[in-house]
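Dear colleague,

I am handing over the structure we spoke about, and you will find it directly below. Please have it open while you read the notes that come after.

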Amino acid sequence: MRNKGFVVVLTVIVTALCLFYLSFTFVSQRVQKNAIRIATDATGTVNLAKKQAYLDSLWNLPVYNLGFKDYTYKEVKENELSLGLDLQGGMHVVLEVSPADIIRGLSGNNSQDPALIAAFKKAQEMQKKSQESYSSLFYKAYHEANPDKKLATLFASASNKGRVSLSDDDATVLKFLDTEIESAIDRSFTILKTRIDQFGTSQPNIQKLQGSGRIQIEIPGADNPQRVRKLLQGAARLEFWEVAEANDPQLNQALFAINKMLLKEKQDAAAALKDTGAKTDDLQNALAAKTDTTLAKDTVKSALEKELSKAKDSTGNTLDSLTKASLSPLFALSSQQIPFLYPTKDTAEINKIFSREDVRALLPRTIGLFWDVKPDANQTPGVEDIQLNFVNMGRNGKPLLSGEVINDARLDFDQFARPAVSMTMNPSGARAWAKITAAAAAKQPQGSIAIVLDKYVYTAPRVQVEIPNGSSQITGNFTNEEAKDLANVLKAGSLPAPTRIVEEAFVGPTLGEVARNEGLISMGVGLFVVVLFMVVYYSTGGWVANFALLFNVFFLLGILAQFNAALTLPGIAGIVLTMGMAVDANVLIYERIKEELRQGRLLKDAINKGFEKAFSSIFDSNITTFITGVFLFVLGQGPLKGFAITLMIGIVTSFFSAIYISRVVIEWMIRKGENAKVSFTTPLAGLIKTTPNYDFIGNRKYAYLFSGTVIVIGLVVTLIQGLNLGVDFKGGRSYVVSFKNPVEATSMRSELSSGFENASTEVKNYGSNNVMKVTTSYLIDEESETSDDKVKAALIAGVQKYSKLEFTENDGALDDQHFTISSSTKVGATVADDIKNSAFKAGLFSLLAIFFYILVRFRKWQYSAGAIVALIHDSLFVFASFALAGLVGISFEIDQIFVAALLTIIGYSINDTVIIFDRIREYMGVGTSHDTVKIFNSAINSTLSRTLITSGTVLFVVIILLIFGGEVLRGFSFAFFVGIIIGTYSSIFIASPLVIDLDRKAVNPTKA
C-alpha cells in the first residue's frame, strides 16, 4: 500500500482532534451531574431552579484546564456535542418578518391609501397559494387594480429621498422594496440573535432561511413556550408619553359627551323594551349589552356622579337607584376607588367602546389609549383588574422619546426590592429626558410619564424632580425572568417590522429523555449486531472491519462536535444506518479477496488485488449516496438537515476507515508473509454458494409484472383513501398528550371534534396506549398567538371532558389525576407548501445528479436510465407499501422524516446498482464473451453474495430501529425496511435488465 505513513499520521491527527472536541462533552456532563447532585434534596427531588442557579454561577468561570488554556463553562458548552431538541427538549421556531408592514412603513403618508390597503389584502390571499415573493404578489395585486398608476407615487417621499423618485419605473421601485425587505430581515436577524444569546440556555441556534424571508431559531432546554414567543415576537418599540391628567379640559369634556350619548342610547333601549312588556331580566341584559364610558380621574368621576344623579329614566326613577348591571359597562365595571381599572375579562368590551367611530369622534385627536401590560399587583386575591391609561399624543402623534436613545438596560431592583429594569440613555436622549422630566415636575399637580413598550404601559410614574443624567427605571409586577427578558429586549433594540411564528415545535424534557434512551438503545443494539455478524462470517477480517467501524463511529461523533452540530434523533438513525452501510465496503473488499484466493493467488497478492478491484465500486456507490445527502442538506428543513449532516460525514468516515484504516491493519497483520494467521472465511460462510448461476435476465418480465401489479394496487388505494400526510406537509397543529393510564383514541376523538368545531382531527396512539398524538386543522389559516392559545384551550377542555382529569404543565409529575402536553408542533399552510416543494426538489435534483454521474462514469445513457427507473420504482413501491399498510390498520405519516428515508433508500439502492454495473463494466472490458445477456447474468451472480450479505446486515439494523427507535422513527424505519428489500430486488431484477431492453446492441461502457 502506498502512502501508508500518511494514512497513519492523518489517522493520529484526526483522532487527537476528535478526542479534544469530544472532551468538552465529557466535561459538560460532569458539571451537569454536579449540578444535579447539589440540587437534589433528601427525598431525591431535583430543584430545577437551584440546578440552573448553580450552572449560571459557573457560566463565566473556568471549569476545564488543559494546561495551555482554561475554558469557562460557557466555552465548554459552545464546544460540546450538543443534543438536538428531540433528545433533550426545547423549542424550534420559524419566524416570518412581515413584508407587508415593511412596505406599509415605506409608503409613509400613503399608508392609508385605499388602493394600497386593497393590494395588501389581495397579496395576502395570493400568498397562500403561491411561492412567489410577497413584493411580487403585492405588485401584481396593485397593478391589476391600478394599471395606470405607478408605484413611485406611493413611495416617493422625503424619507425615501435619493432612493425613490417620481420618475422611477415600477421595476426600479420593486427592486427598492426587495432591498428594504431584505435589509429589514437582516436587522431582525441581528436583533433576534442578540435577544436569544442572552436567553440563558446552552447553544441556541439561529439562522436565516435563504430566499424565504424567514428566520429559524432553536433553543435547547427551553421549557416555557409562552416566554419564548413573547421574547421573539415583541417588536420592542419603546416610547415615552405624557399622561393625560384629570384636569385636562378637553378630555373631561369628551368623556362627558360620550357618557351622555351612550346613556341616552340605554334609556332609549330601556323605554323600547318596556313598551313591549319585556321582563326585568331582558331589560337588564339589553342594557348590559350596550356600551358606554365613564370618567378618568377623581375630579371627573365626582362631576359625573352629580350629572348622573340628575338624570331620570322613563319611569321617573333616578339612574342612581338602578343596579350597576343596568348602567353602562364602562361605568358599572370600573373600580369605584380607581377610575379606569377593569376586570381583565371585560377588556374586550371596553375595547369595543373605543373602537366605535362615533366614540372616537368625540375624543380629542391628541388622546391615545393604552392598557397596562399586567394586572394590578395590589388587588384582592383571585381578582385580576387592569388599568386603562389616557396619554397625550400631541398633534404629530409622536412620543416624547423613543427606544433609539437607550444605550443600556439591565435587571435591577426598585426601592421595595422588587425586580425592575434600569435604563441609561445616550447624550442626546439624556438632554431631552432632562427637559421632559423638568417640564413634568413643574406642573401643578406634577405630571406623569408613561413608559410604553409595544403599545402596553409598563409604568407611569409621577415625576417629582428633573432627571438630568438620562436614567430611568421600569417598575411593575415583574418576576426576575420577566425583568431580565425585558432588559435584554430593550438592549437589543426594536425590530424593524412585526414577526409572526409560522412554524413551531415544542418538546418537553420527559419526551426528550425517552427519545434519547430509545436512540441510545437502538445505536447500541445495532452496533452489537453488526460486530457479531462480521466476526461470525469473516473471522479475522471481521475483527478488522469492527476495529475500523469503531474508528468510523468515533470519527463521526468527533467531527460532529468540531462542526458544532447537534445530535438529533434522525441523526442517531443516520449513525445506525452508517454502521450498517459501513461494513458494505469491507464486505465488498473481502468478497473480492476471496475470489482472488479461489483463483490461486497468494494471500498478500489477493489482498492487494481485492482492495484495488473493489475501490472503484466503493467510490462510485459512496458518491451517489453522498449526492442524496447534499440535496437533503441544501433543500431540506428542520430534522432533514441533521440527518443529512450525519449521513454525509458518515459516508466520508466510513470510506476512510474501510479503505485505508482496515488495509493498514491487515497489512500489519500479514507482515510475516504467508505464515500469517489471517482468514476471511468461516464455516458459516462456506454454506453459501459462492458463484450461483441464476437466469435473472431471462425472468425479468415476471419481475416487471410483479412490480407493476403492486405499484398499481398501491396507487389505486392511495387515490381512494389518500396519504396520511403529517403536519409538515398539510399544515396544522399537532400535540402529544400523555396520561398515566391507557386511554382509547376513538372516544377521545369524538370529544375533541366538537371543541375543534368539527375541523379535521386525528387521534392515534403514539408508541403506547397512554400517549396520544392529536393532529387538527382547526384554525389552520390563523397563525397568531391568540389562535394558538384558542386551539390549545379547546384541546385541554376536550381531553378534560373525556378523561375527567386535570391538566398539568409539568410533564414529569403525571399521576392518576392529571394529563400533560408533552410536545406540540405548529406548521402554517404556507410553510407546509414550502416543505413539500423543497422535499420534491430534493428528490428530483438527487435523481438528476445521479443520472449525470452514472452517465459520466459509464458513458452510456442506458445505464443512467436503467438506474433512475429502478430508483423511481423503489420510491413508488415504498408509497404503495404505506398505502397497503393502511388497509390493515397500520398508519404511518408522510412527513419530513419519511422524505429522509426515501432519499436514503435512493442512495442505498443506487449503491447496489452501481456495484453490479461496475462488475458488468469489468466483464465487458475483459472481452471473453460477446453475449450481453450472459455477461449481465454473470455480473449479477458474481456480486449476489455481497448484495445479500450487505442488505441482510443493514436489514438487521433497520429492524432494530423499527423495534427500539421509538414512535418518531417508526415511519422512517418501516420505509427503509421496505426500501432495502425492494432496493436489492430492483438492482437485480429492474436496473440491469432495463439496460438490456433499452439497448439491444452490445452495451459496453468505457471505463472512466
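Predicted model: local features only at pLDDT ≥ 70, side-chain atom pairs only at ≥ 80, totals over all residues.

The chain has 1008 residues, of which 51% count as buried, and its secondary structure comprises 34 helices and 21 strands.

Aromatic rings

The count of aromatic pairs comes to 37. One of them is formed by phenylalanine 138 and tyrosine 142, whose rings are stacked, with 6.2 Å from centre to centre and 25° between the planes. Because these two residues are four apart in helix H7 (residues 134-145), about one helical turn separates them, and both phenylalanine 138 and tyrosine 142 are buried. Another pair, that of tyrosine 694 and phenylalanine 696, is edge-to-face, with the centres 5.8 Å apart and an angle of 75° between the planes. Within this pair, tyrosine 694 is partly exposed at a relative accessible area of 47%, whereas phenylalanine 696, at 8%, is buried; the latter counts as buried because its value is under 20%.

Ring pairs also join into a cluster, which links Phe547, Phe551, Phe554, Phe555, Phe615, Phe619, Phe655, Phe656 and Tyr660. Elsewhere a ring meets a charge: the charged end of arginine 921 sits over the ring of phenylalanine 858, at 4.4 Å from the ring centre.

Two packed helices

How do helix H25 and helix H34 pack, and at what angle? Helix H25 (residues 700-721) packs with helix H34 (residues 970-998) at an angle of about 115°, their axes being 10 Å apart, and the crossing in which H25 passes H34 is left-handed. On the H25 side the residues in contact are Arg700, Ala703, Tyr704, Phe706 and Ser707, and these meet Tyr985, Phe989, Ile990, Pro993, Leu994 and Asp997 of H34. Sorted by class, the contact of H25 with H34 has eight nonpolar residues, one polar residue and two charged residues.

Single residues

Arginine 919 lies in helix H31 (residues 896-926). Is arginine 919 buried or exposed? With a relative accessible area of 4%, arginine 919 is buried, and, when residues up to four places away in sequence are not counted, arginine 919 touches Arg592, Glu595, Ala939, Ser942 and Thr943.

Alanine 152 belongs to helix H8 (residues 152-155) and is likewise buried, its relative accessible area being 0%. Leaving aside neighbours within four places in sequence, alanine 152 is in contact with Val164, Ser165, Leu166, Asp168 and Val173. Valine 173 is 21 residues from alanine 152 along the chain, and the C-alpha atoms of the two are separated by 6.4 Å.

Glutamine 88, finally, is found in helix H4 (residues 85-88) and counts as partly exposed at 26% relative accessibility. Although glutamine 88 and proline 220 are 132 residues apart in sequence, their C-alpha atoms are 7.0 Å apart in space.

Note on methods:
Residues numbered from 1 in each chain as written. Heavy atoms only, no water. Phe/Tyr/Trp six-rings, centres within 6.5 Å; stacked < 30°, edge-to-face > 60°. Buried < 20%, exposed > 50% of the residue type's maximum accessible area, 1.4 Å probe, protein only. Lys NZ or Arg CZ within 6 Å of the ring centre and 35° of its normal. Axes fitted to C-alpha atoms, helices over the stretch in contact; angles between N-to-C directions. Left-handed = near helix turned anticlockwise from the far one by under 90°. Contact = heavy atoms within 4.5 Å. Nonpolar A, V, L, I, M, F, W, Y, C, P; charged D, E, K, R; others polar.
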